[in-house]
Amino acid sequence: MTIREGASQETQQSLYRRMVARAEPSPPRLRNAVMAFVSGGLVCALGEGITDFWERVLRISHKQAADPTVATLIFLSSLLTGLGYFDKLARHAGAGLAVPVTGFANAMTATALEFKREGLVFGIGGRMFQLAGAVIVYGVVTAFAVGIITGIARLVR
């Protein structure tokens, strides 16, 4: 496949995309799926261990220990990001590490670190919430919708 002289820009781009698609190696999907499954399971196991720890230390129920557990996972993810280890782990672990709350904490911390030179307000505060803003908005909207549906379902019973 060659790109001819005089061909339109759109045709050239289309041909180029097809050439790249043919030359690009296919990703190891099975390996990636297994790594995501295993690493996600390890994050969950770590979360359960942290929950058990908070239950014993604070003498609270399993359900009440969920909040400090999430805060601990966020702290650990942010710490690993700041030290430069999170991306190395995520490169091998895949979506199992990057998708849950740990991935969100990593994204927020990485953005804050990237723009710290621009100052606390316009750099860290302003830029960090470019990413988080959409997540927070849609999270709140979804929680509201689920709350309304749950309330209606209780009234119908």
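Q: How many aromatic pairs does the structure hold?
A: The model is a predicted one. Rings pair if their centres lie within 6.5 Å. The number of aromatic pairs held by the structure is one.

Q: Are the rings of Phe-53 and Trp-54 stacked, tilted or edge-to-face?
A: The ring centres of Phe-53 and Trp-54 are 5.1 Å apart. Planes over 60 degrees apart count as edge-to-face. The planes of Phe-53 and Trp-54 stand at 65 degrees, so the pair is edge-to-face.

Q: Which residues of H2 make the contact with H3?
A: H2 covers residues 29–58 and H3 covers residues 66–83, and their axes are 9 Å apart. On the H3 side the contact is made by Pro-68, Thr-69, Thr-72, Leu-73 and Leu-76. On the H2 side the residues are Leu-46, Gly-47, Ile-50, Thr-51, Trp-54 and Leu-58.

Q: How are H2 and H3 oriented to each other?
A: H2 and H3 pack at an angle of about 125 degrees. Roughly perpendicular covers 65 to 115 degrees, and roughly antiparallel begins over 145. H2 passes H3 in a right-handed crossing. The angle falls between those two classes, and H2 and H3 are therefore oblique.

Q: How many charged residues are in the contact of H2 with H3?
A: The contact of H2 with H3 has seven nonpolar residues and four polar ones. Its number of charged residues is none.

Q: Where does Arg-59 lie, and is it buried or exposed?
A: Arg-59 is in the loop between H2 and H3. Its phi is near 55 degrees, which is a positive value in a residue other than glycine. With a relative accessible area of 76%, Arg-59 is exposed.

Q: At what angle do the axes of H3 and H6 cross?
A: The axes of H3 and H6 come within 8 Å. Their crossing is right-handed. The angle makes H3 oblique to H6. It is roughly 45 degrees.

Q: How many polar residues are in the contact of H3 with H6?
A: H3 contributes Val-70, Leu-73, Ile-74, Ser-77, Ser-78, Thr-81 and Gly-82, and H6 contributes Val-101, Thr-102, Ala-105, Asn-106, Thr-109, Ala-110 and Leu-113. The residues of this contact include seven nonpolar and no charged. The number of polar residues is seven.

Q: Is Thr-81 buried or exposed?
A: Thr-81 has its place in helix H3. Beyond residues up to four places away in sequence, Thr-81 touches Phe-86, Asn-106, Thr-109, Ala-110 and Leu-113. Since its relative accessibility is 11%, Thr-81 counts as buried.

Q: Which residues is Thr-109 in contact with, leaving aside its neighbours within four places in sequence?
A: Thr-109 lies in helix H6. At 17% relative accessibility, Thr-109 counts as buried. The residues in contact with Thr-109 are Ser-78, Thr-81 and Gly-82.

Q: How does H6 run relative to H7, roughly parallel or roughly antiparallel?
A: H6 (residues 101–114) and H7 (residues 120–156) have axes 8 Å apart and pack at an angle of about 155 degrees. Angles over 145 count as roughly antiparallel. H6 passes H7 in a right-handed crossing. The angle makes H6 relative to H7 roughly antiparallel.

Q: Which residues of H7 make the contact with H6?
A: By class, the contact of H6 with H7 has 10 nonpolar, one polar and one charged residues. H6 takes part through Phe-104, Ala-107, Met-108, Thr-111 and Ala-112. The residues of H7 are Ile-124, Arg-127, Met-128, Phe-129, Leu-131, Ala-132 and Val-135.

Q: How far apart are the C-alpha atoms of Leu-131 and Phe-104?
A: Leu-131 is found in helix H7 and is partly exposed, with a relative accessible area of 37%. Leaving aside neighbours within four places in sequence, Leu-131 is in contact with Ala-107 and Met-108. Leu-131 and Phe-104 are 27 residues apart along the chain, and their C-alpha atoms are separated by 9.2 Å.

Definitions and conventions
Residues numbered from 1 in each chain as written. Predicted model: local features only at pLDDT ≥ 70, side-chain atom pairs only at ≥ 80, totals over all residues. Heavy atoms only, no water. Axes fitted to C-alpha atoms, helices over the stretch in contact; angles between N-to-C directions. Helix = DSSP H or I, 4+ residues; strand = E, 2+ residues; numbered from the N terminus. Parallel < 35°, antiparallel > 145°, perpendicular 65-115°, else oblique. Left-handed = near helix turned anticlockwise from the far one by under 90°. Contact = heavy atoms within 4.5 Å. Nonpolar A, V, L, I, M, F, W, Y, C, P; charged D, E, K, R; others polar. Phe/Tyr/Trp six-rings, centres within 6.5 Å; stacked < 30°, edge-to-face > 60°. Buried < 20%, exposed > 50% of the residue type's maximum accessible area, 1.4 Å probe, protein only.
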